Amino acid sequence: MVSIRTIDRGDRVVARQVDVNASAEELFAKVANPHRHGELDGSGTVKDTVSGPDRLSRGAKFSVGMKQYGVPYKITSTVTDFVDESTSKVVEWRHPMGHTWRWEFDEKQPGVTTVTESFQYGTAKAPKVLEIFKMPQQNAKGISSTLEKLARQYA
């Protein structure tokens, strides 16, 4: 059974967490490669059409084909945080509208990693609009599905 936990990261942040039976290095490598985001996605919005580097870094840009409400579109995001150290692994990117997606990896014991994914929309150009369209709730479901899918891949 996969246990997704809700994490309080403050106002206008949706965060979920799960423990995965894999190393932080292996999981981080998946998320740090935008060409693999389609295989990670549990929301059904991320497609496999990606342009950008095979490995992200701070300041890198990548574009991903998306589909929401039946409408296909492309988003180009910019990496705003990237940490690849033995004890700390983080990758975060900013959407053109200003909100960010963040992944954190903390290997609690060899081969077991706590993965936290968050949607931070307080920095968005129009956070109220995101709330009106129920994006925080929709993204909470998508994050939970993504983390559940990830954990099941290593169960």
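1. Arg12 sits in the loop that runs between strand 1 (5-7) and strand 2 (13-20), where helices (H or I, at least four residues) and strands (E, at least two) are DSSP runs numbered from the N terminus. This is a predicted model, in which local features need pLDDT of at least 70, side-chain atom pairs count only at pLDDT 80 or more, and totals for chains, interfaces and linings use all residues. Residues are numbered from 1 along each chain as its sequence is written, and side-chain values use heavy atoms, with hydrogens and water left out.

2. The phi of Arg12 is near 60 degrees, a positive value in a residue other than glycine, and Lys134, in the loop between helix 3 (127-132) and helix 4, likewise has a positive phi near 60 degrees. Most residues other than glycine have a negative phi. Arg12 has a relative accessible area of 22% and is therefore partly exposed, a class that lies between buried (under 20% relative accessible area) and exposed (over 50%), with a 1.4 Å probe and protein chains only.

3. Beyond its neighbours within four places in sequence, Trp103 is in contact (heavy atoms within 4.5 Å) with residues including Val31, Val115, Thr146, Leu147 and Leu150.

4. Gly42 belongs to the loop between helix 2 (37-40) and strand 3 (46-51), and because its relative accessibility is 29%, Gly42 counts as partly exposed. With residues up to four places away in sequence not counted, Gly42 touches Gly142, Ser145, Thr146 and Lys149.

5. Ser63, in strand 4 (residues 61-68), is buried because its relative accessible area is 9%. A polar contact of 2.5 Å joins the side chains of Ser63 and Thr76; such a contact is a pair of N or O atoms within 3.5 Å, where within protein one must be able to donate a hydrogen and the other to accept it, and residues adjacent in sequence count only if both atoms are side-chain atoms.
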